[in-house]
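Opening the notebook on a new model today. I want to see how its pieces pack before doing anything else with it.

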Amino acid sequence: MRPGPRAADVTSRCRLCGKQAAHYLNHAKMHLCENCFIKYYERKVYKSILKHNMLRGSRKVAVAFSGGKDSLALVKALHKILMEKFPEVELEVVHIDLGIPGYSEESRDLVEKICDNLNVKCHVYDLSAEKGYVIPDFQATPFRRRICGACGTIKRYLMNKIAYKIGADKLATGHNLDDVVEVLFELYLRGSVEEMVRIRPVSWSTHTKLVTKIKPLIELTEKENLYYVLSHKLPILSAKCPLSKNSRALKRKKLMNMIEAEIPGFKHTFYKSHLKRIMPHLRDSIREPTLIECKSCGMPSLSETCSYCKLISKLQKSQITHISNE
Ligand SMILES: [Zn+2]
Ligand SMILES: [Zn+2]
């Protein structure tokens with residue numbers, strides 16, 4: 001029988017230095033100790049930054065920090081890489097308090113604690129205080145089954161707006177290989193080629209109010225992000241978002257992990273083939289959409305009213321109906 005994925009055990013030795021191993025990387029069939037893993041991880045992030053020119057002409061990078069292990073790994077690694085290799089680039093953190101009971105408080109505390117420790121400026125945006133609604137409000141609307149999608153629209157919109165307001169020229173997110181492969185899988189199934197073009201390491205700005213988005217962790221897996229956080233003995237959130245428990249994205253990630261268990265390296269191959277073989281054709285045939293300014297909020301939009309303003313107006317309408325029905 002073929003051996004399954006192995007965890008590092010007491011007898012495993014680090015491939016690079018021979019000390020006792022702490023982590024086993026399935027796709028690379030390699031044991032590493034904590035120190036060598038940290039170096040390996042940071043080298044990979046640094047190489048992604050260079051390969052895709054992520055910090056070209058940068059003065060200030062805003063990092064979207066939710067408090068989860070992926071964005072935590074991103075803040076820690078990027079902070080170190082900037083200090084060592086790009087000392088002229090400033091890093092500031094943006095956190096959105098989504099107002100989800102039993103989840104948002106813990107996330108916010110963790111974000112503030114980490115930023116304090118790293119001495120990094122932290123912009124906390126409190127959705128309830130700033131906008132007068134919270135994500136759980138969508139539960140009483142027709143969006144309840146697509147609440148993760150609604151939350152995603154809100155976070156993308158606000159993150160860009162805050163990054164723009166604080167004068168950042170890049171917005172870094174903790175999107176990792178698992179996220180990208182899960183989304184690509186769905187887009188391939190649906191044949192959504194226009195959306196596929198947007199799944200890339202860097203989305204360059206096409207409007208003065210649109211900040212360039214970078215994904216420095218795009219070639220790292222969720223597991224590697226977890227190992228990095230553990231190797232640095234950083235705190236991990238005990239709470240999980242109660243609203244995304246049964247999301248389709250999580251189900252697809254489970255499926256991708258089942259394939260990876262049978263075919264080690266599947267996720268890396270899928271992503272690399274997409275980027276190298278498919279993307280050049282898509283880029284040639286699909287034009288970047290022209291952005292105009294939303295007539296309600298003035299931010300970049302594909303149509304007269306941006307997707308954020310449309311969503312919020314639907315939320316308000318359903319709240320009015322809800323209240324008048326009571
Ligand atoms: Zn080692
Ligand atoms: Zn708008």
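Below are my entries on helix packing, the sheet and the domains.

**Ground rules.** I am working from a predicted model, in which local features need pLDDT of at least 70, side-chain atom pairs count only at pLDDT 80 or more, and totals for chains, interfaces and linings use all residues. Residues are numbered from 1 along each chain as its sequence is written, and chains are lettered from A and ligands numbered from 1 in the order in which they are written.

**Entry 1: α1 on α2.** I started with helix α1 (residues 34-51), whose axis comes within 10 Å of that of α2, with a crossing of roughly 70°. Helices here are DSSP runs of H or I with at least four residues, strands are runs of E with at least two, and both are numbered from the N terminus. The axes are lines fitted to C-alpha atoms, for helices over the stretch in contact, and angles run from 0 to 180 degrees between N-to-C directions. α1 and α2 are therefore roughly perpendicular to each other; angles of 65 to 115 degrees get that label, under 35 is roughly parallel, over 145 roughly antiparallel and the rest oblique. Y41, E42, V45, Y46 and I49 of α1 meet A77, K80, I81 and K85 of α2; a contact needs C-beta atoms, placed from the backbone, within 7 Å. I sorted this contact by class and got six nonpolar, no polar and three charged residues. For the classes, Ala, Val, Leu, Ile, Met, Phe, Trp, Tyr, Cys and Pro count as nonpolar, Asp, Glu, Lys and Arg as charged, and the others, Gly among them, as polar.

**Entry 2: α2 on α8.** Next I looked at helix α2 (residues 69-85) against helix α8 (residues 222-231), and found axes 9 Å apart at about 60°. That makes this pair oblique, therefore. α2 passes α8 in a left-handed crossing. On the α2 side I noted K69, D70, L72, A73 and A77, and on the α8 side E222, N225, L226, Y228 and V229. The tally is six nonpolar, one polar and three charged residues.

**Entry 3: α6 on α10.** Helix α6 (residues 177-190) packs on helix α10 (residues 266-285) at about 65°, with axes 10 Å apart. So α6 is roughly perpendicular to α10. This crossing is left-handed.

**Entry 4: the sheet.** I traced an open sheet of six strands in the order β5-β4-β3-β6-β8-β7, with mixed pairing; two strands pair if DSSP finds at least two bridges between them. β5 (121-126) and β7 (202-203) are at the edges with a single partner strand each, so one side of each has no neighbour in the sheet. Strand β4 (residues 90-97) runs parallel to β5, joined by six bridges. In that pairing, H95 stands opposite V124 in β5. Helix α5 (residues 147-165) packs on the sheet and touches β3 (60-64), β4, β5 and β6 (170-172), its direction making about 140° with that of β4.

**Entry 5: domains.** The domain assignment, which comes from an automatic or database source, gives domain 1 (42-279) and domain 2 (289-326). Their C-alpha centres lie 24 Å apart. I noted 15 residues of domain 1 in contact with nine residues of domain 2.

Methods:
A crossing is left-handed if the near helix is turned anticlockwise from the far one by less than a right angle, and right-handed if clockwise. Two residues are in contact if their C-beta atoms, placed from the backbone, lie within 7 Å.
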